[in-house]
Amino acid sequence: MPVSLLWAVDVYGRVYSLSTAGQQWEQCHDTQMEFKRVTAAQQCCWGIACDNNIYLNVHASDLPIRYQEETYENQRWNPVDGFSERLLPSDRWQWSDVTGLQHQPMDSFQLPSHSWEWEGDWYADENFEGEPTEKGGWSYAIDFPATYTKDKKWNSCVRRRRWLRYRRYKAMDTWAKIPSQQSSLPDPFSDISCGGWEINEEPRGRLSLWAVSLQGKVWFREGIYHHNPEGCLWEEVPLPGEVVQISCGPGDLVWAVLWEGQLIVREGVGRDCPKGTSWTVVDSPSPGVGAIHVAVGNNVVWALTKDNKVWFRRGVNSHNPCGSGWLNMVGQMIMVNVGLNDQVFAISCEDRAVYFRQGVTSSELSGKTWKAITVPRDRDRSHSSASTNSLQSAGCYFCGEVRTQSVVSDVESDTDKVSTDGASCLVTFTSPESFADAPADLSDQPDETPKPRIPKVTSDSFISELVSDRGPGRAAAGSAAPAVLEEETCISAEGEVKDPCAGVALSPSQSGGPLDPQWSNVDLEEAQAQTGAVLDTAETSSLSSVATYTLAIEDQYVVDEHPLWAWVSGGGCSVDSHSQLSWFNCSLNTSSLIQSVQSMSLSVTPAQTAAWRKQIFEQLSERTKREIDNFRHFEQAIEQSVWVKKGTMQWWRDWKPHKWIDVHFALEQFSGPEGNKDGILFIYYNFCEEKKYLHAFVNEVTILVPVLSDSKHTFAIYTPERTKQRWPIRLAAATELEMHDWLALLSMSCCDSRGIHGPPSKQAIWSITCKGDIFVSEPSPSLEAMPYPTPCDQMFWRQVGGHLRMVECNSVGIVWGIGYDHTAWVYTGGYGGGFFQGLASSTDNIYTQSDVKSVYIYENQRWNPVTGYTNRGLPTDRYMWSDASGLQECSKTNTKPPSPQWTWVSDWAIDYSVSGGTDREGWQYAADFPASYHGYKTMKDFVRRRRWARKCKLTTTGPWQEIPPIPLSDVTILPCGAQSNVDAVPLWAISNKGDVLCRLGVTTLTPAGSSWLHVGTDQPFKSISIGAASQVWAIAKDGSAFYRGSVSSQSPAGDSWYHIPSPSKQKLKQVSVGRTSLYAVDENGNLWYRQGQTPRYPQGSSWEHISNNVRKVSVGPLDQVWIIADKVQGSHSLSCGTVCHRLGVQPMEPKGQSWDYGIGGGWDHITVRGNSIEPPRVHLCPQTDPSVSRSPLPVRNTEFDSNAVES
Amino acid sequence: MADDKDVLRDVWFGRIPTCFTLNQDEVTEREAEPYYLLLPRVSYLTLVTDKVKKHFLKVMKAEDVEEMWFEYEGTPLKWHYPIGVLFDLHASNTVLPWSITVHFKNFPDRDLLHCPSSSIVEAHFMSSIKEADALKHKSQVVNDMQKKDHKQLWMGLQNDKFDQFWAMNRKLMEYSTEDGGFRYIPFRIYQTMSDRPFIQKLFRPVSPDGNVHTLGDLLKEMDPTALPNDGEPKRYQVVIHGIEPLLETPLQWLSEHLSHPDNFLHICIIPTPTD
């Protein structure tokens, strides 16, 4: 479960967040402003501060927000000057946008706000359409506007080049004011709500932000998306009345409350119109009592009436945003908020506590009960802001590059300022640097923030912060501090009871009413400072100084023992009814706090590294050597008897017609001659009234594979023989439980017979099936032997729990995986999980893992002259609802999740992200089925289709722990020799948006590393690989390759990218670098070897074609080459997605000679980058066998090309 | 990284290479060859010596055979102690294989219990398990088990089926995380230098103030002489399953991982060899 935050504001205007992994509210320390309301999304939080301005807090990420500005420099040739900036009067401007219509000189580019900074200066883009250009990046044409080429020709009269400059959003993890550039901007805002991120994924990170002004007008913020988190302008939305409050869900629901107590619902909100078109009025739930508050989610609406009753709206969905009727719910609340997954948070009328609605599921949206969140606030528990800061960073996983300015440093800088300009310190303190816009703001609007009593307040809060943070001694060190400060600190040191200064600060008028109705900056500041001080001291005895002057008012603040909340926002809080939250029944005890911190660290627990534990392991293995190893020839005292387990199953019979027949299944286990366990599988069946059986020796079974099926619980058993045939024994159990029982038992029996126990070794070869199952194989030393390696159909694979799309490892045991939902996972060193129970699974290191993927179906239509496009096709046509091939009927109702382990988590939705593009309704057009589709309609198009997607989720367990928060699409780890002891292991990754990332702090003890370092690129990347000599290669989205220069342990991110053109007319898609060899796969399945790489010229010279029909390649630390081949023919069947091993690879012959075929089909991924076991050296003449084909697909199989089998 | 599961496996599959020789006083028809066997450390002598008996009976007359018993260097071996305990207590630090003398006469009634059949061993084993569970869970777990579950534990031991045994024994090793361990740790401390057979008292895995008790804490309470004094050479070895765990090893972990199948933690305190 990714860690996410619940945001809340207390009645004093202090902003807090609560992590889903945490057990306490963390105060937002960088804000000195009080807030009225906040509204959160996962990536950011918006708020209205007491100055009525809107502030944005973008959560820090290792991925910076960068925006690429571009402008074009245009030149024309003339006989005198050659190419020059002198253009014809009819020409475009000398500096323009890409179309030439917009005048764009470099100095016209301004930073949009103070929250941005330039990353560097302008530079000319040297690449043109994926190819490097001649000097200067110029492209040439006959005239503007025309087709540009990179080559200068005789008739090139004009040329242009692109200049680039990046700007970066810098105000991360801090509240930055949204500049109100419009003078038309109205009266102050009173309410705000963000949402809408599920309406449209383009542009990335798009948000809808709705705001209500004091006069009751509604405004919509245009242009918020990832690269422009602040949005660009406010647009007023016409209304049928005056609005008091508004709520926007993650999807298309937007509701608001009118002054008169009715509710209004926004209609027409959709992908093309996130703002919606019109309002519909819905009556208040209670006839006599008007509504006062509303909160919407994906499919739910909750409302409050003026008598604080809670109402749930029935029948709300995107087709019927108004719903059908109200239900009165238990409880009296003053506000309610709907977070992600339609989970509900509320603040109770009675005690002002935050409540979480328990039991909200997609089938029971109204939930079951309210449960109070009882965690303390950070100030209640701990006095050290420094420690809370570190906690916060741990909780948020903003490791490494935490931008939050710690209070300690604030204080330090403030101390300096205090010492220099005495009384004016108040301003300095209320606006530390991290609060980006506050200084300007305060000076701009002095009238809004009257500060008659500020000196007292400031010194007070300042001192309490200072004392609690640094201790008296440290504070006294600022010797030049003003008198007030000095007095304070002296007294602190002496621990005196009486303090004149503090007495002044706590005049009755201030300490009296914390609930001052007027939202004024200064009053609230005071209350906060005092409360903070009291709480600090109430629980500490060491800080006697502060305790002395707060003793007098202590009891007045007892009421604050549980916080009083004013506002809560769950829009960024990813919980569901199954989440394990430690928010309830939490006591003020530090050990649980420590625990919560520990549980977040991915490294090994102390118990596992403890000396006593190590000692026991070592001594036990010594004991084995001493007492057993020399006496293995002795007879065993207890003879092992035969043990049989029987059952019934169905078997996919070997002969035609193939069908499922009922069989009896038995596993006989006994002790082998050397004391190891062994067994035989029997399948008893009837053939022509005759009883027959089929058997397999357990020690010959190479793998047990669960097979994807929506109707049967099936699995396949392979032996080397059956792998050659491409025809496994296929069995189906009656229930999922039964299948898992058998798989666990058979798997254990197979492992026993081969003497394999415990976790996979560091050298293990990992692979993934197209179903997402993870398999691991222990390489034998002769696997890479020359000239007679172990045939790879004899490799034994065992399953490891979990679900992944890809996995990468290296030989020091660091293993990373990426799920279908792009979540990054790190291997914990355990084994088992999933259906492996008890002894087949390790006790530690097994965690819950979930994955989400989409199921796609197609809606097909044919055009006819009368009615246009309809769902009435020709009799010969495909099903009107089908799979991608059109062969299988797939309607919305009959399509099931891929297997019973998966459950639907969303509704069917049109998928617009189809290659080739779509029109506004998601349709793609073609002349006929099946054909190539395009995203616009032409006269020749008679058919169209569109893709529908529905998300499903799987939850399982395995030895994996999540590495939030950046989703990845590729990862690579430096392959090193088994003995090498590298401190930090280089690990590179590509985010799912194409950013290149370098992981810092990866070691064998902390395989998860600590933080990401972003490596800038000019275009998105899709594949990356690092070789043993730190040579980093990557593939860009345009299919060309890049080499990263100067990567070393001193400079883990290298310095610059070198562009390497792809093989002609091919777009590369994946790359793998071993010790020295580099292989790449293109989109047409060709495997390429990079020729001419030398230590002095690591880029190499050319691509050499090795093979076709290749899906993926993995090159290991011995330069061994393994691939997933698309099609391999066996004696009984053809398999797609097969593991193949390159034979004959030698130092002088890195390209090898032929392929050896291993397990498959249905394999999707393999990594051999952990296997650094040097094969035993045998010197023989290299064997050449001309009869072995160079390609995984022998020539005779070309007949299969036309009907590619989906595996 | 090794897993705790491997410890269970190592403990279970511990073997002591043993050479059985017939007592020279026994009347034989021809000379008896010694018999070599790998004895499971966690089992009982009378349970695993059918082969030994068969071997020596071949050279003896039926009328000369009484109940078989074993002796090591003059000490009769108590069959109701686990084999590993007998070895650690009497024969650790000696040359392997362990040489045991087999007797068929003069059963030492004062030192040994009679064991006419394996059902006696079963009764002894099951009563140990029940006693241990009484200490650990107030007998709740063992009483919740069915007859066949008890049988599974016994059959697992008898047939050396690790998986079969642990599938059931797992339940006996469970405890709630709130408690932080068993109620009391079932342990027995054996000393060669003492007249008492063994020490067995009530001892909790966690101290009243919440600290985890270690092996050292236990010994300090039960047998302080076994602990090394500062500056002095170590006088005693604290041996469990033929190894010497560090004194800071948590007792609860030891109880879960290094207990014998009878669910007791058998700790041997033996003098440090002087050589």
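**Close-up views of a predicted two-chain model**

**View 1. Chain B as a whole.** Of the 275 residues in chain B, 41% count as buried. The model shown here and in the other views is predicted. Chain B contains nine helices and eight strands. Among its contacts between residues with a separation of 6 or more, 72% link residues 24 or more positions apart in the chain.

**View 2. Chain A as a whole.** Chain A has 1207 residues, and 45% of them count as buried. Its secondary structure comprises 16 helices and 71 strands. When contacts in chain A are limited to residues at least 6 apart in sequence, 58% of these contacts join residues at least 24 apart.

**View 3. The contact between chains A and B.** The contact draws on 28 residues of chain A and 35 residues of chain B. On the chain A side, the elements that give two or more residues are α14 (611-627) and β33 (635-636). Helix α14(A) supplies ten residues, the largest share of this side. Sorted by class, the side of chain A that touches chain B has twelve nonpolar, 13 polar and three charged residues.

**View 4. Strand pairing across the contact.** Which strand of chain B pairs with β33(A)? The partner is β2(B), residues 35-40, and the pairing is parallel, over two bridges. For A:E635, the bridge partner in β2(B) is B:L37. As background to this view and the next, strands of a sheet pair through backbone hydrogen bonds, in either a parallel or an antiparallel sense.

**View 5. A sheet of four strands in chain A.** This open sheet has the strand order β43-β42-β41-β71, and the pairing is antiparallel. The edges are formed by β43 (797-800) and β71 (1163-1167) of chain A. Each edge strand has a single partner, so one side of each is left without a neighbour in the sheet. From one strand to the next, the twist averages 30 degrees.

**View 6. Strands β41 and β42 of chain A.** Strand β41(A) covers residues 765-769 and strand β42(A) covers residues 774-777. The two strands run antiparallel and are joined by four bridges. Which residue of β42(A) is the bridge partner of A:I765? That partner is A:S777.

Note on methods
Residues are numbered from 1 along each chain as its sequence is written. Chains are lettered from A and ligands numbered from 1 in the order in which they are written. This is a predicted model: local features need pLDDT of at least 70, side-chain atom pairs count only at pLDDT 80 or more; totals for chains, interfaces and linings use all residues. Two residues are in contact if their C-beta atoms, placed from the backbone, lie within 7 Å. Ala, Val, Leu, Ile, Met, Phe, Trp, Tyr, Cys and Pro count as nonpolar, Asp, Glu, Lys and Arg as charged, and the others, Gly among them, as polar. Two strands pair if DSSP finds at least two bridges between them. A residue is buried if 20 or more other C-beta atoms lie within 10 Å of its own, exposed if 12 or fewer, and partly exposed in between; C-beta atoms are placed from the backbone. Axes are lines fitted to C-alpha atoms, for helices over the stretch in contact, and angles run from 0 to 180 degrees between N-to-C directions.
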